[in-house]
Number of protein chains: 2
Amino acid sequence: MTSFVPPDASAPKADAEAEDAVETRARQEADDPHSPVARFGPSQPLRLDAGVLLPHLQIGYQTYGELNAARTNAVLVCHALTGDQHAANLNPVTGKPGWWETLVGPGKPIDTERFHVICANVLGGCMGTTGPSSTNPATGRPYGLDMPLVTIRDMVNAQAMLLDHLGIDKLLCVAGGSMGGMQVLQWAASYPERVFSALPIATAARHSAQNIAFHEVGRQAVMADPDWRGGRYLAEGVMPYRGLAVARMAAHITYMSDQALHRKFGRRLQDRATPTFGFDADFQVESYLRHQGEAFVQRFDANSYLYVTRAMDYFDLAADYDGVLAHAFKGSKTRFCLVSFTSDWLFPTEDSRTIVHALNASGANVSFAEIESDKGHDAFLLEEPELFAIAHGFLDSAARAFGLPPARGR
Amino acid sequence: MTSFVPPDASAPKADAEAEDAVETRARQEADDPHSPVARFGPSQPLRLDAGVLLPHLQIGYQTYGELNAARTNAVLVCHALTGDQHAANLNPVTGKPGWWETLVGPGKPIDTERFHVICANVLGGCMGTTGPSSTNPATGRPYGLDMPLVTIRDMVNAQAMLLDHLGIDKLLCVAGGSMGGMQVLQWAASYPERVFSALPIATAARHSAQNIAFHEVGRQAVMADPDWRGGRYLAEGVMPYRGLAVARMAAHITYMSDQALHRKFGRRLQDRATPTFGFDADFQVESYLRHQGEAFVQRFDANSYLYVTRAMDYFDLAADYDGVLAHAFKGSKTRFCLVSFTSDWLFPTEDSRTIVHALNASGANVSFAEIESDKGHDAFLLEEPELFAIAHGFLDSAARAFGLPPARGR
């Protein structure tokens with residue numbers, strides 16, 4: 001584990017040592033919108049699973065709620081594939097609410113009046129954390145494909161450096177859905193002593209062949225776009241918008257259930273009574289998908305999409321433990337609560353059950369709930385009262401067991 | 001119904017009337033590989049659902065087995081989205097076996113020693129039947145997007161013209177899977193008196209929102225390719241290979257089940273023990289998908305992909321009957337046998353049940369089997385002994401009821 005280095009925002013920027021200093025400040029640059037950023041220099045390189053050192057790491061993050069004096073109320077929230085650190089504040093790029101405001105906020109299940117919530121942009125991302133759109137210090141130009149590939153474990157190791165930097169030794173809880181849930185599992189496996197409780201939602205201990213296949217389609221769509229330019233589009237002043245939009249459209253279908261698509265759109269036509277007999281968006285579902293694609297390319301970097309999907313594909317927690325998932329949690333004292341959704345076909349309940357079986361085999365403390373929902377994989381981001389009740393109960397119980405006073409007014 | 005015009009291959013080609021003649025001959029042109037072709041001139045236009053007339057229609061088709069003297073042993077086989085007329089012979093483009101040789105051939109369930117099997121390339125296709133890559137007689141150049149959009153009903157009406165041309169009044173059976181099954185249902189609804197029995201497999205009476213969404217992703221992938229050129233790529237000497245390959249890859253995932261992908265590939269790596277930490281095809285499933293995409297673009301026209309997917313999206317049989325599917329089969333004397341597969345998530349069993357309920361409500365003669373299989377939607381094309389047994393039994397029983405002698409040796 002990287003040793004804790006206190007923030008030193010006053011370090012002179014021009015100083016040769018400053019490059020190596022850990023610093024936290026709000027930046028105004030485009031790749032780092034209105035978030036605090038932690039920077040780590042060459043003396044604190046991140047050793048990547050790809051076998052190389054990342055000498056200049058920066059991590060964009062957000063916090064919500066006060067850290068208590070004992071530093072025992074910290075909750076780390078991990079985001080999914082295209083999420084970012086703006087879990088519970090207005091997103092500075094899209095102007096939309098944070099992606100997990102359903103669950104995180106004052107009086108919410110992850111209660112920011114009680115807990116100190118941290119959310120960091122993942123390694124490989126494009127919202128302030130080092131990724132392929134970051135400047136390669138060796139060339140002064142964006143990394144592009146010269147950025148080494150990253151894994152879920154690399155993402156978690158980077159988050160551990162951030163926590164060291166913030167002076168947080170142990171987390172009351174790590175929570176996240178989808179790829180966020182993969183990080184939760186990796187946290188529990190890599191740093192069991194730092195994780196008092198873990199809430200992995202709608203996730204899996206390894207990415208399935210079907211999910212790898214869908215990701216590969218998305219990557220091929222991006223790389224087929226001539227404006228991708230072998231990954232050098234930023235340096236060449238273009239953007240593979242069309243390919244990235246197609247990738248997003250394909251992925252978006254997998255986030256919803258057939259039932260949800262049917263309920264939302266059915267076969268309803270767009271603003272007319274009869275089909276146009278053309279290739280415009282005749283059906284509402286087509287128009288919706290096109291909008292999803294167009295909105296996405298305004299906020300996400302195409303190469304980050306390649307890197308982060310690849311990290312998910314590589315995720316296979318058991319592989320690091322002789323192929324036995326239970327060994328990943330051997331002797332763990334972490335409390336686990338797993339949640340899946342009946343209509344989630346991307347990360348079906350079976351994936352969660354596999355994790356529960358492994359946790360049971362390792363003697364861990366685990367509860368599991370499959371929630372009846374027709375909202376598909378996206379259910380973890382949506383209005384799901386049963387999820388809220390489970391998360392609230394689990395967090396509250398963990399907080400009391402960790403020595404926190406009961407929530408006010410309860 | 002178009003009246004029967006006998007083939008007249010001897011009509012002088014230069015004659016003004018020749019343009020209007022129905023002719024059957026093998027052509028050597030690239031767009032018509034080694035198949036008989038039926039041509040219909042302006043005096044026999046096809047009225048399309050789009051509200052326009054198609055004045056020059058040609059249909060590429062194949063036949064297998066002898067038509068009996070009473071013309072009572074004809075079975076029409078309808079192909080799926082990217083299929084063609086080469087159901088049971090070596091495909092002249094790919095050099096691979098016909099797409100339904102599992103089911104069609106000597107001694108097979110659709111026994112070409114007993115039945116006269118006809119399979120025609122669908123309207124909008126690219127294997128000899130009029131489609132967007134055909135020459136637009138008005139311009140002398142490929143239609144491209146000037147070809148009017150077609151529907152499943154248009155395809156069936158074109159097939160009815162072919163049967164008239166071939167002198168076949170009534171079909172012993174119409175059979176097909178997926179989009180082929182849609183044609184079977186449309187045949188039974190539009191021409192009940194011409195269909196003695198119907199075998200729709202792994203299909204639906206209307207395309208779901210999710211399926212429309214997947215098709216839209218494919219179309220967007222094609223149209224996002226700069227080499228698509230607004231549909232004029234043939235005239236401009238290019239081909240949107242990359243976009244079409246991405247479309248095929250996305251579609252191909254939907255044809256398989258998660259279990260089949262897992263069984264076939266799991267998370268196995270391609271020719272190595274550890275991942276490359278790059279964007280080459282690391283996993284076998286990636287390599288397989290890329291191959292599927294690359295092979296497909298060698299044999300299929302990109303605009304045909306747009307047209308035929310659109311035809312499927314528009315398919316909603318009940319819509320033509322006041323929204324009541326049972327009305328489509330009112331008073332029908334056709335014998336129906338429906339088949340679905342447990343792991344088919346593109347055309348799930350529920351879709352077949354909906355059809356069965358409608359047929360029951362209309363008092364039709366119907367049997368239904370859901371076959372246990374982990375092969376997904378593609379199961380209808382694969383080695384499925386239960387499907388073979390059902391098809392054999394259904395065809396044999398229909399043949400006897402239609403007055404055919406028992407099969408030899410049985």
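In the predicted model, about 4,600 Å² is buried between chain B and chain A, with 70% of this area on carbon and sulfur atoms. Of the area that chain B buries against chain A, 19% is supplied by B:R267, B:F277 and B:F279, more than by any other three residues. The contact involves 53 residues from chain B and 53 residues from chain A.

Polar and charged interactions also occur between the chains. Ten salt bridges are counted between chain B and chain A. In one salt bridge, A:R219 is paired with B:E286, and the closest N and O atoms are 2.6 Å apart. Residue pairs in polar contact across the interface of chain B and chain A number 24, with both residues at pLDDT 80 or more. On the side of chain B that touches chain A, at least two residues each come from α3 (209-224), α4 (241-255), α5 (258-264), α6 (284-297) and α7 (302-314) of chain B. The most is given by α3(B), which contributes twelve residues to this side. Classified by residue type, the side of chain B that touches chain A comprises 29 nonpolar, ten polar and 14 charged residues.

Chain B is superposed on chain A by a rotation of 180° with 0.0 Å of shift along the axis, at an RMSD of 0.0 Å. The two copies are thus related as by a two-fold rotation axis. Because 100% of the interface residues of chain B are also interface residues in chain A, the copies meet through the same surface.

Within chain A, two domains are assigned: domain 1 (25-210 + 325-401) and domain 2 (211-310). The C-alpha centres of domain 1 and domain 2 of chain A are separated by 25 Å. Contact between them involves 32 residues of domain 1 of chain A and 31 residues of domain 2 of chain A. About 2,900 Å² is buried between these two domains of chain A, 62% of it on carbon and sulfur atoms. A:L81, A:T82 and A:W345 account for 22% of the area that domain 1 of chain A buries against domain 2 of chain A, more than any other three residues.

One salt bridge is found across the interface of domain 1 and domain 2 of chain A. A:R263 forms a salt bridge with A:D374, with 2.7 Å between the closest N and O atoms. Across the interface of the two domains of chain A, 20 residue pairs are in polar contact, both residues being at pLDDT 80 or more. The side of domain 1 of chain A that touches domain 2 of chain A consists of 16 nonpolar, twelve polar and four charged residues.

Conventions: Residues are numbered from 1 along each chain as its sequence is written. Chains are lettered from A and ligands numbered from 1 in the order in which they are written. This is a predicted model: local features need pLDDT of at least 70, side-chain atom pairs count only at pLDDT 80 or more; totals for chains, interfaces and linings use all residues. Side-chain values use heavy atoms; hydrogens and water are left out. Contact means heavy atoms within 4.5 Å. Buried area is the accessible area (1.4 Å probe) that two parts lose on being put together, summed over both. A salt bridge is a side-chain nitrogen of Lys or Arg within 4 Å of a carboxyl oxygen of Asp or Glu. A polar contact is a pair of N or O atoms within 3.5 Å; within protein, one must be able to donate a hydrogen and the other to accept it, and residues adjacent in sequence count only if both atoms are side-chain atoms. Helices (H or I, at least four residues) and strands (E, at least two) are DSSP runs, numbered from the N terminus. Ala, Val, Leu, Ile, Met, Phe, Trp, Tyr, Cys and Pro count as nonpolar, Asp, Glu, Lys and Arg as charged, and the others, Gly among them, as polar. Copies are superposed by least squares on the C-alpha atoms of residues with pLDDT of at least 70 in both. Domain bounds come from an automatic or database domain assignment.
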